[in-house]
Amino acid sequence: MYDTQTNAPALWQPLLPQPHAQSHKYSRGYVLIQGGYPVTGAARLAAMAAARCGAGMTAIAAPEVALPIYASALLSVMVKPYAHAAELQTLLEDTRVSSYLIGPGAGISQDTRLTTLAMLATGKPVVIDADALTTFAGQTDTLKQAIGASCVITPHEGEFKSVFGISAAHDRPTRITQVMTAAQACGAIVLLKGAHTIIATPEGRVLINEQAPSTLATAGAGDVLAGMIASLLAQGMPAFEACAAATWMHAQAARLFGVGLIAEDLPGMIPAVLQALLKT
Ligand SMILES: NC(=O)C1=CN([C@@H]2O[C@H](COP(=O)(O)OP(=O)(O)OC[C@H]3O[C@@H](n4cnc5c(N)ncnc54)[C@H](OP(=O)(O)O)[C@@H]3O)[C@@H](O)[C@H]2O)[C@@H](O)CC1
Ligand SMILES: Nc1ncnc2c1ncn2[C@@H]1O[C@H](COP(=O)(O)OP(=O)(O)O)[C@@H](O)[C@H]1O
């Protein structure tokens with residue numbers, strides 16, 4: 001049996017990170033995002049969301065060929081170009097990095113898979129989304145062996161099916177049980193996205209987020225959510241609460257914006273959502 005709670009700020013609000021007088025940019029959390037090529041929009045959306053959620057430093061590690069695209073479209077987000085795998089590994093080993101995100105726009109390739117494993121090998125929090133998840137299709141055991149503390153995977157239904165080999169059920173109790181079983185099987189927090197997002201830990205904690213507006217069904221909204229989770233993890237928020245807070249704030253940002261929402265609109269709404277949460 002499980003006890004499913006509905007996601008609400010009371011569950012995580014006191015744990016939201018806040019800067020203090022002694023903070024510097026690196027001490028506020030450093031999110032390193034793998035930037036893809038030729039799909040570059042997804043990592044940029046994630047990076048803007050990570051920065052707006054309070055990480056003091058957000059950087060995109062990008063193949064050298066993509067440097068002009070990333071650098072011309074980003075100001076506060078740093079771009080770290082690499083020419084080959086060894087240079088990327090050096091970027092990953094920067095001791096100041098406090099969380100990683102891989103998947104948005106990464107491409108379904110052996111390189112993406114190896115970079116995901118290299119991120120996991122650091123022992124720091126990792127968010128695995130989109131293409132990076134797909135590179136582990138049907139390989140839950142491999143994921144489980146590689147996953148250490150604070151790993152979050154964020155599949156939509158299609159990715160859930162490809163990684164865990166089962167279609168997410170439509171009836172709620174079965175769906176929740178499936179996500180809990182998936183979390184146990186891979187040893188990570190599993191966040192199954194959808195109109196109602198389910199968040200489950202390997203230890204059996206589970207939450208359901210119910211306040212997302214249907215305007216969130218728009219390209220890139222999931223990339224924004226992944227960046228938000230990575231940001232809260234980088235700032236030291238416990239992983240389950242970071243997932244719950246990011247999912248709630250993501251939905252709230254969309255609600256505040258209203259109709260006509262596109263993914264680019266979400267990062268800019270985060271400050272108003274955070275401000276209201278930190279005031280109450
Ligand atoms: N601005 C940018 O740069 C953006 C870049 N992006 C990046 O592009 C990359 C590939 O993105 P993508 O959309 O081609 O792949 P993906 O989402 O896996 O769809 C493939 C197939 O999966 C299915 N499917 C999808 N969603 C489903 C669901 N909820 N529930 C069930 N099934 C679902 C559906 O197939 P069907 O089931 O309909 O046959 C669909 O045709 C990826 O790296 C991403 O991060 C995007 O984030 C957009 C903004
Ligand atoms: N009908 C819906 N109602 C509310 N939220 C939705 C709905 N459909 C999708 N979402 C949310 O929108 C986001 C879509 O993410 P995802 O499927 O990864 O798209 P993308 O890959 O384009 O970023 C998720 O946060 C999901 O929970």
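Glycine 194 lies in the loop between strand E8 and strand E9 (197–200), where helices (H or I, at least four residues) and strands (E, at least two) are DSSP runs numbered from the N terminus. With 16 C-beta neighbours inside 10 Å, glycine 194 counts as partly exposed; a residue is buried if 20 or more other C-beta atoms lie within 10 Å of its own, exposed if 12 or fewer, and partly exposed in between, with C-beta atoms placed from the backbone. The model is a predicted one, in which local features need pLDDT of at least 70 and side-chain atom pairs count only at pLDDT 80 or more, whereas totals for chains, interfaces and linings use all residues. Residues are numbered from 1 along each chain as its sequence is written, and chains are lettered from A and ligands numbered from 1 in the order in which they are written.

Alanine 195 is also placed in the loop between E8 and E9, and it is exposed, because 11 other C-beta atoms lie within 10 Å. When residues up to four places away in sequence are not counted, alanine 195 touches Ala212 and Ser214, contact being taken as C-beta atoms, placed from the backbone, within 7 Å. According to the unreviewed UniProt entry, a "binding site" annotation covers Lys193, Gly194, Ala195, His196, Thr197 and Gly222. These residues are spread over 30 residues of sequence, yet they cluster in space, with a largest C-alpha distance of 13.4 Å. Such annotations may be inferred rather than shown by experiment; their positions follow the numbering used here, and feature names are shortened.

The unreviewed UniProt entry also carries a "binding site" annotation covering Ala42, Gly105, His156 and Asp223. Histidine 156 lies in the loop between strand E7 (151–154) and helix H7 and is partly exposed, with 16 other C-beta atoms within 10 Å. Leaving aside neighbours within four places in sequence, histidine 156 is in contact with Lys193 and Gly222. Aspartate 223, by contrast, lies in helix H9 (residues 221–234) and is buried, with 28 other C-beta atoms within 10 Å. With neighbours within four places in sequence again left aside, the contacts of aspartate 223 are Ala42, Leu45, Ala46, Pro104 and Ala263.

In helix H7 (residues 157–164), the buried residues are Glu159, Phe160, Val163 and Phe164. Seen down the axis of H7, these residues fall within an arc of 105°, so they line one face of the helix; the arc is that of the directions from the helix axis to the C-beta atoms. The buried residues of H7 pack against helix H5 (130–134), helix H6 (140–146), helix H8 (172–186) and strand E8 (189–192).

How values were computed:
Contact = placed C-beta atoms within 7 Å.
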